[in-house]
Amino acid sequence: MTNNVPDEQKYLETFLQPIRKCKDYRPKFGQGNLNKGFLLQEFKVLYGADLFYSWVGLDSDLMYAAHRAAGGMTSIYRQVGIGCERLFRQIIVDTTRYIDPSFARWSYTTQTSSGKSKTLSLDGRLKLSEIRNQSVLNKVNQWITDYCNGLSEVTQPSNGIVFEVRQGYKSKDSKRQNADIDNATVAWANDYLPVFAIFSAQIDSDIVLRYRNNRCGILIGTMNGDPQISLYAFCEQVLGYNLADFFQRKSDEIKHEIHEVLETLLSAE
């Protein structure tokens with residue numbers, strides 16, 4: 001930031017950079033890590049050499065396009081999620097005026113069942129002791145107080161907030177939820193309030209209830225003016241940056257990039 005004015009072109013590039021990678025997506029057709037993905041002609045050789053697939057017509061351009069589109073959609077959601085994570089973290093760095101951008105990250109080490117160590121990371125952090133913007137610090141402290149008052153029997157954490165950032169949360173996979181709750185438990189043990197920041201409104205109400213019951217914060221992508229509920233209200237009222245306005249103003253540029261990615265994925269070539 002220069003004179004506390006955010007570099008929104010940097011924000012736009014931060015968000016779009018991972019999404020552009022989707023143009024290079026190629027289906028692997030069960031080859032896993034042995035292959036970086038097949039081009040159309042490589043696919044036709046692979047499937048054409050399989051007698052059954054060639055007999056029933058699965059070695060066609062349309063079949064390749066269908067595989068590419070199906071896998072590509074998953075890739076788009078994943079890369080949009082990465083873009084959201086990077087953008088949110090950069091906003092934290094800029095609005096808090098962190099001296100070191102690494103303050104916006106948080107990780108911890110745990111033991112696996114085999115006895116090995118592994119490091120798990122969350123996507124963002126508001127570390128109270130390192131926030132140099134006094135106005136933001138005051139508002140974060142008040143937000144934590146208000147949020148903890150809505151959770152049952154919790155002591156307000158003194159270190160701040162750690163965030164898991166997602167573009168949406170459509171899956172009800174219990175393994176993923178259990179891992180999230182494990183992360184939240186460790187966050188509380190380290191005196192941080194764990195919060196899920198969801199850019200879209202796409203999260204199942206059962207998941208919201210389960211996470212809240214496990215003392216997790218949830219912010220979702222609605223235009224509700226309550227910063228305890230809405231991610232966009234939180235960004236504007238607590239961090240001091242109007243994220244919703246950013247997306248509205250940059251919408252045409254983002255849509256153009258997404259359209260190009262979709263056109264590429266939906267073609268056979």
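Which residues are linked with Asp-245 in a network of salt bridges? Glu-8 and Arg-249 are, and that trio gets its own view below.

A few ground rules for these close-ups. This is a predicted model, with residues numbered from 1 along each chain as its sequence is written, and local features need pLDDT of at least 70 while side-chain atom pairs count only at pLDDT 80 or more. Totals for chains, interfaces and linings use all residues, and side-chain values use heavy atoms, with hydrogens and water left out.

**View 1. A salt-bridge network joins Glu-8, Asp-245 and Arg-249.** A salt bridge here is a side-chain nitrogen of Lys or Arg within 4 Å of a carboxyl oxygen of Asp or Glu. Searching the whole structure turns up 12 salt bridges.

**View 2. Lys-10 reaches Asp-94 through a salt bridge.** The N to O distance is 3.7 Å. Lys-10 belongs to helix α1 (residues 8-20) and Asp-94 to helix α4 (residues 61-96), so this pair ties together parts that are 84 residues apart in sequence. Helices are DSSP runs of H or I with at least four residues, strands are E runs of at least two, and both are numbered from the N terminus. Buried means under 20% relative accessible area, exposed means over 50%, and partly exposed is in between (1.4 Å probe, protein chains only).

**View 3. Two further salt bridges: Glu-13 with Arg-20, and Lys-250 with Glu-253.** In the Glu-13 pair, the closest N and O atoms sit 3.0 Å apart. Glu-13 is partly exposed at 33% relative accessibility, and Arg-20 is partly exposed too, with a relative accessible area of 26%. For Lys-250 and Glu-253, the N to O distance is 4.0 Å. Lys-250 counts as buried at 14%, whereas Glu-253 is partly exposed at 37%.

**View 4. Helix α5 (residues 134-150) buries one face.** Its buried residues are Val-136, Leu-137, Val-140, Trp-143, Ile-144, Tyr-147 and Cys-148. Asn-133 caps the N-terminal end of α5, with a side-chain oxygen 3.2 Å from the backbone nitrogen of Ser-135.

**View 5. An open sheet of 4 strands runs in the order β3-β4-β5-β6, with mixed pairing.** Two strands pair if DSSP finds at least two bridges between them. The edge strands, β3 (124-127) and β6 (217-219), each pair on one side only. β3 and β4 (residues 160-166) pair in the antiparallel sense over 4 bridges. Within β4, Gly-160 is the bridge partner of Lys-127.

**View 6. Val-45 sits in helix α2 (residues 40-48).** Is Val-45 buried or exposed? Exposed, at 61% relative accessibility. The C-alpha atoms of Val-45 and Gln-156 are separated by 62 Å, with the two residues 111 residues apart along the chain.

Key: Expected span 1.5 Å × (residues − 1). Arc of directions from axis to C-beta. Polar contact = N/O pair within 3.5 Å; in protein donor to acceptor, adjacent residues only side chain to side chain.
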